[in-house]
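Thank you for sending this model over for comment. My remarks follow as numbered points, to be read beside the structure.

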Amino acid sequence: MKNETFGRIDHVFAGLIRNRVLVIVAILAMTIVMGVLASRIEVKSVFSDLLPTNHPYVQVNQRFKSTFGGSNMVSIMLEAEKGDIFNVPFLRKVQDVTKGLQLVEGVDTYQIISLASKKLKEVRASTEGVESRPLMWPELPRNDAELAALRESVLNNPLVYGPYVSMDLKATLVTVDFNDGAIDYTKAFNQIMKLVEEAKGEGVQVRVVGEPVLYGWVNFYLHETLMIFVAAVVALVLLLCLITRTAHGTLLPLLAGLISAIWALGAAEIMGFHLDPLVVVVAFLITAQAISNSVQLISRFDDEIERGATSAEAAARASARNLFKPSLLAIVADAGCVLIVALTPIPMLQKISYIGTVWVLTIFVTALTLTPVMLSYCSTRRRVLHPINISPILNAVLNLCSKVVTTRARYAVLGGSLIVFVVSGLYAFNLKVGDANPGSPILWPDSSYNRDASDINRQFQGSDRMFVVVAGDQPGVLREPEVLAHMTRFQKYMEAQPEVGGSISIADILPQVKRVLREGNPMYQEVGQSADENGELTYMFVSGSDPGDMDRYADMEARNGSVTLFFRDHQGETIRTAVARVREYVEQNPVKDAQYLLAGGLVGVLAAVNEVILSGQIEAIALALLVLVVCCTVTYRSTVAGVFFMIPVLLSNTITFSYMAWQGIGMNINTLPVVALGIGLGVDYSFYIVDGIREELHHSHNIERAIVSAILGPGKGVLITAATLITSVVLWSFSSLRLQADMGVLIGLWLFISAFSALFIMPAIVYVFRPEFIVGSKRRPIEQAEATALA
Amino acid sequence: MLRVLRKFGGNARALATVFTSSVPLLIIGGLLYAGLFVKAEARIQKVDPPAIERRDNFFGLTLVDEKVVWAVGSTGKIVRSEDGGTSWVRQDSGINVNLMSIAAWDSQSAVAVGNGGAIRYTHDGGRSWVAANVPASDHPSKFLRVRIADDNAWVVGEFNAMLRSADRGKTWQRVLDAEDRGLNDIAFVGKNGWAVGEFGSVLLTSDGGATWNSVETANKVSLMSVAFRDASHGVSVGLTGTLLTTRDGGQHWNVVAGLTREHFFQVIWDEDRWLAIGDKGVVATADADAGKWTVGRVMPGDVAWRTQVVKAGERYVLAGMNLAAIEEGRFAAGATSSEGARK
């Protein structure tokens, strides 16, 4: 950097420090305003925020979810510990749960389905023809004969026996759907859990799964999340205090992090966003950046004092001036990388991206401006807060770093890094898009939710649903025998996939009606031979029942119908295979006058999310790297610089991805924010080291000495930041939410690799390859600093 | 490292300069390209459907010998077993309609019939199934049963359909005129033959099927199956537990009432006893004189409907809601057992 630029920055900071009261008051005032706004921010999960609105699957889901069942389905399983479900006390519990659900907030009362609801019916022949009547509504069976009759009707009804009553007759299912806009996850969760608690006991097990319940659990742990957050902050303070042993070294980084957070949350409120408890860890990512900047400044300030700066003000100015460039580069590059995430067309990610960008940019004020201004108040006499001195340990680590760089060990480090990079780069291809395990990856495998999920999937065809819409070109298409037969073959084809537990459509119902019509002869369990016959069969099924009962399968004019597929899990692989098979089948077997539309229900929208992530992940990583490269290229006026700083980023990416692949953490809607926002994380460590080397080279031409002094100077700040942040982030691994634990470990890993690269690998690369933008060349020699530049 | 290059003089240095300044540009270009145009492709696992799929119902079975069994069912499914029903291999019928019945001359030649007037035959053990030449009909023509008697194949079905083929299934001729009554089964012993169907219809022939005469019985319920152990002793079963016996070659039928309300779908002469199967796992057995019948379940707790049974060596193979093979020892016929006690 030119000496004059240096002078100008120095001038600005001198001005800021001169008017430091004004600066502090201004920042304080702003913080109060933002604090008021931030306190109003809502903490909640909104499922629709997770959906890529423009994706065709999501549009199909939005259009048909009210009739064919959306992604907010909750399944409650009642299981008898002894005997089967056909006894009055058990069935009364089913009835109680069914009735109780009608009072739960946000429930779509037309979509409560159980043995005790009006929706499960049997079709039977009577003297007047065919009638369809509810199995167990409104009255429970009164005696053994009626129980036996109910059992017989269940066994003979493939729409009930299998989908709603388990094959071993020990369990039955109650399913309920929620109106999308109206649902308050916490309220619904509490009300459902109350019903579940009431139904439990007396030999009955109750299990419950579904997205609203899952997010209810997440909110349930909100308190714990806050506790861990506080614990992490406390740990951070204690560690900073332990390591720096000074009041300013402890409080100023914290102040920077806190004010940044307040401003960012206030800005989020202004932008009308809410905070999702699942992404609280993301806050730590950005706070890490703020603290890192602040710690660097303080560490430099302490150095300046030690080197005999005349006043705190001079030392503060010198540290601000010298660290301005790498800090600004770090902020701009990180903000750019975070903003790239907004390209992913998922509202939640876009919101996180906007909040994150603002958050990162606030660091410019909170750390870069406020820290030096506050430092100017500090005394030049070093007062230690406690007698424990761990700087020998820090120095030992830093000395090890310089030893490695200045001896042949540097080649071992470089070779080792290259091998790790290649191996982890190849292994990272095992990273799965979508959920990598059955159950929900948000919670631990032994959480009660995931155990409930595996119990339900053991007894039933699968609790996760996807509907495929058969959309006719004109009304009546769904009565054509050809179309119905096509649907049956399609279902059969889809069911060959082991994870698909079953499927249901109007093509399953009409054969039941026809069989009843033909005296119960199963040889006539088939769809009608003509559109007219199928119209009659539909009429017979619907007659005597509520209007709308058929809507689950097809609309009134028989134009749009659904094929609902039941999945035993929603792993990324399962969903991709299913979607590809739907496409393959429809492509090879076109049907006249109708199209198959993908896809609704939870599995349908997850398919959309996964597709977006899959197509977007390469784009996001590549563009984020591009932002980084461009920032560095412009700053150092060298394309080599751009590529140089890619090294630590690529390394932390490949290793983190490998870790995710190894631990079975999938790249999904919940992990993506951390992964995407993390791309620019920690690269600032390398900026400080490299800038330190360049700065030393302004004073002497000895590269080795420059590297060593950079490691001992900015390197110390890197070490302090990394050590404190990694320790506090690891506290998240005690979370009851597996997602937060995983993300804590990921961030810790990320910071560790960044620190390791900055301290070991990057200096070694500088030493071995001597990039021109750092060490200069004959044509672009390093400008020697004027003696006065260092006040 | 650059110092090493310097030893080689100006050219090498120029080369190195070109290299160090072009590689970054290439990398940036690569990133830009990747960011804008590269889309990840998902790898999809292949799924091979099993021979017997969950959704399959089987309506008909035929036994060639102890080992070779054919079964047909919904959506054109044909499967063949060469180990007495333990494992099954899918065959391509070439059609999608439900197949109702199958009959075989030997392990190479067989004929399968079903909905929409479908008749398919094979002469190569089922590697290829060929559409037969069937006379056109204006009426719905669902064929319900095919049987082989003295090298002739006989098919019965809806609208009084009765067809005969003398050339191992290639061409078929109608035997009876269309009438609004379905025929469900046909059986022969020598020149004597019987056909049964809707509304309790029973038809007789004594000239190998050239002429058929109706017999009046007291029963008006649809009959699903008929079997004779010799020219005079026979049993016919039908819906809602209907069971008729005859001792005079079908001239007179005796109604056995009150056995069960479940449908019977098939009756066979099982070496030394009569065996009838039907809806919800129902089984009825009687000794040779068909006087005393015992009703039970195929297996305790089993409620699947069964439309056909054959005996392959020591075991029974059943078609219906699913395909089942049952060792004789476990065949619970005659045992009165409570439903659902599957433990």
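1. Leaving aside its neighbours within four places in sequence, with which residues is Ala624(A) in contact? In this model, which is predicted, Ala624(A) is in contact with Cys337(A), Ile340(A), Ile679(A) and Gly680(A), once those sequence neighbours are set aside.

2. Ala624(A) also belongs to the largest nonpolar core, a set of 266 residues, where it is listed with Val468(A), Val609(A), Leu625(A) and Leu628(A) as having the most contacts inside that core. The element that gives the most to this core is helix H20 of chain A, spanning residues 601-636, with 22 residues. There is also a second, separate core of 82 residues, and among its members are Trp70(B), Leu99(B), Ala161(B) and Met224(B).

3. Where the two chains meet, chain B contributes 42 residues to the contact and chain A contributes 42 residues. On the side of chain B that touches chain A, the largest share comes from helix H2 of chain B (residues 10-37), which supplies 11 residues. That side of chain B is made up of 23 nonpolar, 13 polar and six charged residues.

4. Chain B also holds an open sheet of four strands in the order E13-E14-E15-E16, with antiparallel pairing. Strand E13 (183-189) and strand E16 (213-215) of chain B are the edge strands, each pairing on one side only, and the twist from one strand to the next averages 25°.

5. Within that sheet, E13(B) and strand E14 of chain B (residues 192-197) pair in the antiparallel sense over six bridges. For Ile186(B), the bridge partner in E14(B) is Ala195(B).

Key: Residues numbered from 1 in each chain as written. Chains lettered and ligands numbered in written order. Predicted model: local features only at pLDDT ≥ 70, side-chain atom pairs only at ≥ 80, totals over all residues. Core = buried A, V, L, I, M, F, W, Y, C linked by C-beta atoms within 7 Å. Buried ≥ 20, exposed ≤ 12 C-beta atoms within 10 Å, placed from the backbone. Helix = DSSP H or I, 4+ residues; strand = E, 2+ residues; numbered from the N terminus. Contact = placed C-beta atoms within 7 Å. Nonpolar A, V, L, I, M, F, W, Y, C, P; charged D, E, K, R; others polar. Pairing = 2+ DSSP bridges. Axes fitted to C-alpha atoms, helices over the stretch in contact; angles between N-to-C directions.
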